[in-house]
Amino acid sequence: MSENKIPFVDLGAQYATIRDEVHRAMDGVIADTAFILGREVEAFEREFAAYTGFRHVVGVGNGTDAIELALRAHGLKAGDRVMVPAHTFMATAEATTRAGGAVALSDVCERSFCMSGATFERAVTSDTRFVLPVPIYGNPAGLDEVVDAARRRGIVPIVDAAQAHGATVGGKKLGQIADTATFSFYPGKNLGAYGDAGAVATNDDEVARLLRMWRNHGRASKFDHEFEATNSRMDGLQGAVLRVKLRHLEEWTEGRRTVAATYRELLADHPAVRLPEERDGARHVYHLFVVRVEDRDGLRRTLGEAGIATGIHYPLPLHRLTAYRRLGHGKGSFPVSEAICEDILSLPMYAELTRDQITAVCGHLTESSRPVR
Ligand SMILES: *Cc1c(COP(=O)(O)O)cnc(C)c1O
């Protein structure tokens with residue numbers, strides 16, 4: 001890689017800072033031959049519960065399974081209506097279908113790019129049973145409103161927090177806002193394993209008990225299986241890596257927030273670049289730093305030619321994906337989600353980005369972007 005290339009994420013730079021710790025932890029798992037669940041996973045579950053403010057954490061195979069199993073453990077019945085934002089990664093909806101639920105899309109708020117109390121009220125129906133709010137990009141703004149609005153109607157909120165490890169609202173951790181949340185530890189997430197992993201966090205003792213069976217063939221005891229479930233167990237090596245990385249997560253999150261503040265400072269006077277919202281009291285953890293620009297695709301190409309990698313999260317709202325044509329929502333059904341997808345651009349974001357690198361990104365961005373007419 002040439003010196004002035006700037007990758008979108010740089011997991012190698014992070015690994016360099018924790019190499020010895022990671023290797024010691026992995027060696028321990030191998031020496032114990034504790035490859036599936038086991039002590040490291042149990043310790044991680046306890047430590048991540050404390051970090052997120054939930055009573056229980058149940059480690060599973062990935063973040064998609066976490067959503068599916070959370071819905072099942074909460075008693076979803078075939079055909080139950082589950083509200084999902086149109087602007088999210090498709091796994092939120094996919095896991096709903098796999099659990100047997102009926103995906104019902106909602107538009108998102110123009111400021112937060114997330115569901116709000118208002119977008120929830122617009123999409124809710126008398127047969128909505130669950131809602132899956134997604135603090136997209138790590139922005140938890142408005143999450144408390146959605147959870148409260150759902151509870152008032154007897155709808156179960158389950159937060160898809162795959163991008164929001166460590167986010168808080170009004171100083172409250174996710175476990176003090178919602179009863180259940182799901183996490184992904186895909187390597188590129190704010191807390192990432194060295195393979196696939198995920199978790200469900202819950203304050204409900206019975207839901208936690210059911211989840212421990214759901215992830216392990218419905219096993220109730222050494223000899224008996226209470227129901228047919230699935231295999232979605234976190235593996236021991238991932239538990240060990242996640243324990244090491246959890247100890248650094250606050251420092252890395254502060255690093256991401258500093259990178260975001262530097263982007264804001266350097267882009268403040270450029271009307272051609274619309275900055276992401278950071279609402280008072282909502283701790284944005286910047287899984288992604290997403291701006292809105294004119295001629296997004298042209299700009300992305302120019303940045304790419306300068307060695308700066310960017311992303312689009314996501315190029316299409318869910319109802320425009322081939323997989324969800326069956327829902328029958330035409331163009332114009334969810335105007336905010338559709339407008340966002342046209343002009344969003346995800347800039348490089350990771351704790352190790354230097355001020356010089358951020359300055360280079362902003363320089364190319366402001367030189368090449370056309371002012372909004
Ligand atoms: C990453 C992600 C998921 C899926 O997690 P996996 O671990 O990749 O299965 C679900 N929802 C959102 C919002 C995500 O970003």
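1. Helix H12. The buried residues of H12 pack against strand S13 (289-293), H11 and strand S14 (344-347). Those buried in H12 are Val336, Ser337, Glu338, Ile340, Cys341 and Asp343. Buried means under 20% relative accessible area, exposed over 50%, and partly exposed in between, with a 1.4 Å probe and protein chains only. Contact, here and below, means heavy atoms within 4.5 Å. Helices (H or I, at least four residues) and strands (E, at least two) are DSSP runs, numbered from the N terminus.

2. Basis of the note. This is a predicted model, in which local features need pLDDT of at least 70, side-chain atom pairs count only at pLDDT 80 or more, and totals for chains, interfaces and linings use all residues. Residues are numbered from 1 along each chain as its sequence is written, and side-chain values use heavy atoms, with hydrogens and water left out.

3. Aromatic pairs. The whole structure holds 11 aromatic pairs. In the pair of phenylalanine 89 and tyrosine 314, the ring centres are 5.8 Å apart and the planes stand at 35°, so this pair is tilted. Phenylalanine 89 sits in the loop between strand S2 (81-85) and helix H4 (91-98), and tyrosine 314 in the loop between helix H11 (296-305) and helix H12 (335-343), so the pair ties together parts that are 225 residues apart in sequence. Phenylalanine 89 is partly exposed, at 44% relative accessible area, whereas tyrosine 314 is buried, at 15%. Elsewhere, ring pairs link Phe44, Phe48, Tyr51, Phe183 and Phe185 into a cluster. Rings of Phe, Tyr and Trp (its six-membered ring) pair if their centres lie within 6.5 Å; planes under 30 degrees apart count as stacked, over 60 as edge-to-face and the rest as tilted.

4. The cis bond at tyrosine 314. The peptide bond from histidine 313 to tyrosine 314 is cis, with omega near 10°. Most residues other than glycine have a negative phi, and most peptide bonds are trans. I would look at this bond in the model alongside the two residues of the next point.

5. Positive phi. Which residue in the loop between helix H1 (11-32) and helix H2 (39-52) deserves a look? It is leucine 37, which has a positive phi of about 50° although it is not a glycine. Leucine 37 counts as buried, at 16% relative accessibility. Phenylalanine 113 likewise is not a glycine and has a positive phi, of about 65°. Its place is the loop between strand S3 (102-106) and helix H5 (117-123), and at 7% relative accessibility phenylalanine 113 counts as buried.

6. H10 against H13. The axes of helix H10 (residues 249-267) and helix H13 (residues 355-368) come within 10 Å and cross at roughly 40°, which makes H10 oblique to H13. Axes are lines fitted to C-alpha atoms, for helices over the stretch in contact, and angles run from 0 to 180 degrees between N-to-C directions. Angles under 35 degrees count as roughly parallel, over 145 as roughly antiparallel, 65 to 115 as roughly perpendicular and the rest as oblique. On the H10 side the contact is made by Val259, Thr262, Tyr263, Glu265, Leu266 and Leu267, and on the H13 side by Arg355, Ile358, Thr359, Val361, Cys362, Leu365 and Thr366. By class, this contact has 8 nonpolar, 3 polar and 2 charged residues. Ala, Val, Leu, Ile, Met, Phe, Trp, Tyr, Cys and Pro count as nonpolar, Asp, Glu, Lys and Arg as charged, and the others, Gly among them, as polar.

7. H3 against H4. Helix H3 (residues 63-73) packs on H4 at an angle of about 45°, with the axes 8 Å apart; H3 and H4 are therefore oblique to each other. Their crossing is right-handed. Thr64, Asp65, Ile67, Glu68, Leu71 and Arg72 of H3 meet Ala91, Thr92, Glu94, Ala95, Thr96 and Arg98 of H4. The contact of H3 with H4 has 4 nonpolar, 3 polar and 5 charged residues.

8. Alanine 282 belongs to strand S12 (residues 282-283) and counts as buried, at 7% relative accessibility. Leaving aside residues up to four places away in sequence, alanine 282 touches Pro140, Ala141, Thr168 and Val169. Alanine 282 and glycine 170 are 112 residues apart in sequence and 6.2 Å apart in space, C-alpha to C-alpha. Glycine 170 lies in the loop between strand S7 (168-169) and strand S8 (172-173) and is exposed, with a relative accessible area of 62%.

Methods: Left-handed = near helix turned anticlockwise from the far one by under 90°.
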